[in-house]
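Take a look at the chain below. We will start with its surface, then go through its build and stop at two residues.

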Amino acid sequence: MKQGTKEDWAIIGGEYRAFAKGVADRVLEHLKLLDGDFGGFPVCRLEHSLQTATRAHRDGRDERYVVMALLHDMGDTLGSYNHPEVAAAIIKPFVSEELHWICQNHGAFQGYYYFHHLGMDRNARDAFEGHEHYEACGEFCEKYDQAAFDPDYASEPLEFFEPTVRRVMAKPLASQYAKALDEEAA
């Protein structure tokens, strides 16, 4: 990198921009890995994600919220011990700070519904009490996440959400890399 020139970085930047345009495709493909993974639940993890997003969509949430709802558990495959943080890192450039925070912390809030059955503190979410997004995260888990394990719920298929994912992930709201490359391209 020390020996890189402006011309080198113009080439690298061009390749980066081309590759970055495929992020929605890669995210959607990765989400499909949740199909058939039940983990003891009455629905597979993909269906849970689809139900969560469908519930948010039908409740009139905006596209970025729906995408967060769809992708909130996509970290299950690679981050079994920290799935909320994995999913939050992926969506961070494309959503508001509030939606990122909800995704990143939903695990502690979701625990309210089951941690006590595992000998854990069901009130772990109380560590965040007073945070500006506390209520929003609690609402996400109550209305959408914890309710999305219903084998009889008629969720929308993944194909329904693909255009929304593509629109949301077409251009980051915030990313140091995207900003630098946008300035270079201008």
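This is a predicted model: local features need pLDDT of at least 70, side-chain atom pairs count only at pLDDT 80 or more; totals for chains, interfaces and linings use all residues.

**From the surface inwards**

Residues are numbered from 1 along each chain as its sequence is written, and side-chain values use heavy atoms, leaving out hydrogens and water.

The protein chain has 9 helices and 0 strands. These are DSSP runs, numbered from the N terminus: helices are H or I with at least four residues, strands E with at least two. The C-alpha atoms fill a box of roughly 60 × 35 × 30 Å, taken along the principal axes. Of the 186 residues, 41% count as buried.

Now find Leu31, in helix α2 (residues 23-31). Is Leu31 buried or exposed? Leu31 counts as buried because its relative accessibility is 0%. Buried means under 20% relative accessible area, exposed over 50%, and partly exposed in between (1.4 Å probe, protein chains only). Neighbours within four places in sequence aside, Leu31 is in contact with Leu46, Ser49, Leu70, Leu71, Met74 and Leu158. Contact means heavy atoms within 4.5 Å. Phe19 is 12 residues from Leu31 in sequence and 19 Å away in space, C-alpha to C-alpha.

Next, turn to Glu129. It lies in the loop between α6 (97-110) and α7 (134-145). Glu129 counts as exposed because its relative accessible area is 58%.
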